[in-house]
Amino acid sequence: MENVPVHQWSLLEAARRVREKEISSRELTKALLARIEVLNPKINAYITVLPERAMAQAAACDEELARGAPRGPLHGVPVGLKDIFCIRGVRTTCGSRILHNFDPPYDAAVTTKVLAAGAVLLGKQNMDEFAMGSSTETSHFGVTRNPWDLSRIPGGSSGGTAAAVSAAMCFAGVGTDTGGSIRQPASLCGVVGVKPTYGRVSRYGMVAFASSLDQGGPITRTVADSARMLSVIAGYDRRDSTSVDLPVPDYLAAVDKPVKGLRVGLPREYFEGDGLDPAVRAAVEKALKALTDQGATPVEVSLPHTSFALSAYYLIAPAEASSNLARYDGVRYGYRSEGASGLIEMMSKTRAEGFGAEVKRRIMIGTYALSAGYYEAFYGKAQKVRTLIRGDFAKAFGKADVLLTPTAPTPAFRIGEKTDDPLTMYLSDIFTIPCNLAGIPGLSVPCGLSASGLPIGAQLLSDHFREETLFTAAGAIERAVPVPRVAPLTG
Amino acid sequence: MAITREEVLHVSRLARLSLSDAEAERLREQLGNLLDYMKQLDRLDTRDVVPTSHAVEMGTPFREDVVHPFGDREALLKNAPDREGDFFRVPRIIED
């Protein structure tokens, strides 16, 4: 263990060593900042790095520890946040030109929680513009590269966070997931990502994309680290009216529980069809074997409306986005187009110049789907199909405690490979989207590498507020299927 | 599903989004293709299905309607692209 470089430690290991004064928070933070300085020009995982602020925080942590007053379980440990979470006084861009100069007047709930736990904030991580994308290619601040192969995308929209975790440029990150934006990049970068139950983590201060689907969650290198992070960021918040007032369990205790007797459902629809890469199928089968070898019972289940989820999602999410993004009008904050002659022209030009192509496309789809004459045919229909998809899961969870599926149909694709055809890009989220529509929790855990050495993830899904079951199953897979967690390319 | 150029321009006006000619044409084609794909939803009979407005069963949350002053007016106003004192300044709304 002594030979493992500092940056490769798990979050739990780093926290323990700081707590036991084997290393100071300043040394730890300095090591990570040095690594970011070397790697960020190649990977572009961070939009904003906060060296002075992080070192000042680290010094304060060391001083508090010397006084015997650690703040919490992340005391002195450097982490990163997707650039969608507001940090008071730190530019928050959401990957967009329209927020390129936005200086939030308050902290997001997630920010407050990680700070209260003692974490040091290294910076804001890159993402698809307004979290709309599956590859981090739509960011105004340039594409993030996959640390396993720099010619490939890291997934998206939380691609900067997944890449930073995988390249050991932070000990943990927090991303957001509207249709797979935590799980898909975690899978493609070979790390662990959790989308909690809708309502588990407060959305206060998290820039809104599709409010009925958005949920923040951890991205880490180990299952136990994700469990720790989720315990920190979960919990009721009166400032988010959809936040759920339920006690937060000890997720860490769930990781080492036995899986004997656990019913693992295999949804037939996720394994048929020719879009699934054979290497992904083989890796997920290995994950299943790991579970059954430890005493879990496989059961076949059916989610018959799976093939309709993508259509429902690409109506509901853009509809909510078109409404949420109406606030970016050049009046109160953000970018404003100069030289327009009237108010409406100023707003229309601000939005034309401030938003990128994918965001415009989704605003247009959403506005169309909500417009007079089309509302029932598109948005109303999609909301009904959402009910059918929720019903599929409710039935499946009568027969199974947890579902096992691939996270993404293929390993990471090449930069530019899917940018010309929106529908092809959207199809890379086909296995992650139904979970958001149903509001259930989902987790991606590494379960293998492709022949060319690209990471593959298995997705676990459970019923509402059963995150503990995900951690138990993921822990069992992690123990039996060891996959390197720090991308070898970066050492 | 064919979308006309007029429909694209109408929706762009609703969305307060100016489009170049090239953008309007590209969006006309892409929106048509996407909506074609989404038409698959019509294969499902949803006459008796209640639409989902909330994925997780919970009651409507109520709270007292109490004002919580934010406190830092300057932090809010300093983000304004244009301001005059404590006001946001915008281009002229009413024509002469």
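Colleague: Before we look around, when are two residues in contact here?

Modeller: This is a predicted model, and its contacts are judged from C-beta atoms placed from the backbone. Two residues are in contact if those atoms lie within 7 Å.

Colleague: Good. Which residues is A:S311 in contact with, leaving aside its neighbours within four places in sequence?

Modeller: A:S311 sits in helix α10 of chain A, which covers residues 309-324. With its close sequence neighbours set aside, what touches A:S311 comes from chain B. The residues are B:Y37, B:M38, B:Q40 and B:L41.

Colleague: And is A:S311 buried or exposed?

Modeller: Count the C-beta atoms around it: there are 24 others within 10 Å. The cut-off for being buried is 20 or more, so A:S311 is buried.

Colleague: What is the radius of gyration of chain B?

Modeller: Chain B has 3 helices and 2 strands, in the pattern α-α-α-β-β along the sequence. The globule rule gives 12 Å for its 96 residues, and chain B is well over that, so it is more spread out than a compact globule. Its C-alpha trace spans about 55 × 45 × 25 Å along the principal axes. The radius of gyration of chain B is 23 Å.

Colleague: Staying in chain B, which residues does B:R28 touch, not counting those up to four places away in sequence?

Modeller: B:R28 belongs to helix α2 of chain B, and B:R28 is buried, with 20 other C-beta atoms within 10 Å. B:E7 is 21 residues away in sequence, yet its C-alpha lies 8.4 Å from that of B:R28. The residues B:R28 touches are B:I3, B:R5 and B:V8.

Colleague: Over to chain A. Which strands are at the edges of its open sheet of 11 strands?

Modeller: The order is β1-β3-β2-β4-β6-β5-β10-β11-β9-β7-β8, with mixed pairing. From one strand to the next, the twist averages 30°. An edge strand pairs on one side only, and those are β1 (46-49) and β8 (297-301) of chain A.

Colleague: Inside that sheet, what is the bridge partner of A:V264 in β9(A)?

Modeller: Strands β7 (residues 263-267) and β9 (residues 402-406) of chain A run parallel and are joined by 2 bridges. The partner of A:V264 is A:V402.

Colleague: Last one: how many residues of helix α7 of chain A are buried?

Modeller: Helix α7(A) lies across β4, β5, β6 and β10 of chain A, running at about 145° to β6(A). Its buried residues include A:D225 and A:R228. Just after the helix, A:G235 takes a positive phi of about 130°. The helix is largely enclosed by the rest of the structure, because the buried count is 11 of the 11.

Notes
Residues are numbered from 1 along each chain as its sequence is written. Chains are lettered from A and ligands numbered from 1 in the order in which they are written. This is a predicted model: local features need pLDDT of at least 70, side-chain atom pairs count only at pLDDT 80 or more; totals for chains, interfaces and linings use all residues. Helices (H or I, at least four residues) and strands (E, at least two) are DSSP runs, numbered from the N terminus. The radius of gyration is taken over C-alpha atoms; the globule rule is 2.2 Å times the number of residues to the power 0.38. A residue is buried if 20 or more other C-beta atoms lie within 10 Å of its own, exposed if 12 or fewer, and partly exposed in between; C-beta atoms are placed from the backbone. Two strands pair if DSSP finds at least two bridges between them. Axes are lines fitted to C-alpha atoms, for helices over the stretch in contact, and angles run from 0 to 180 degrees between N-to-C directions.
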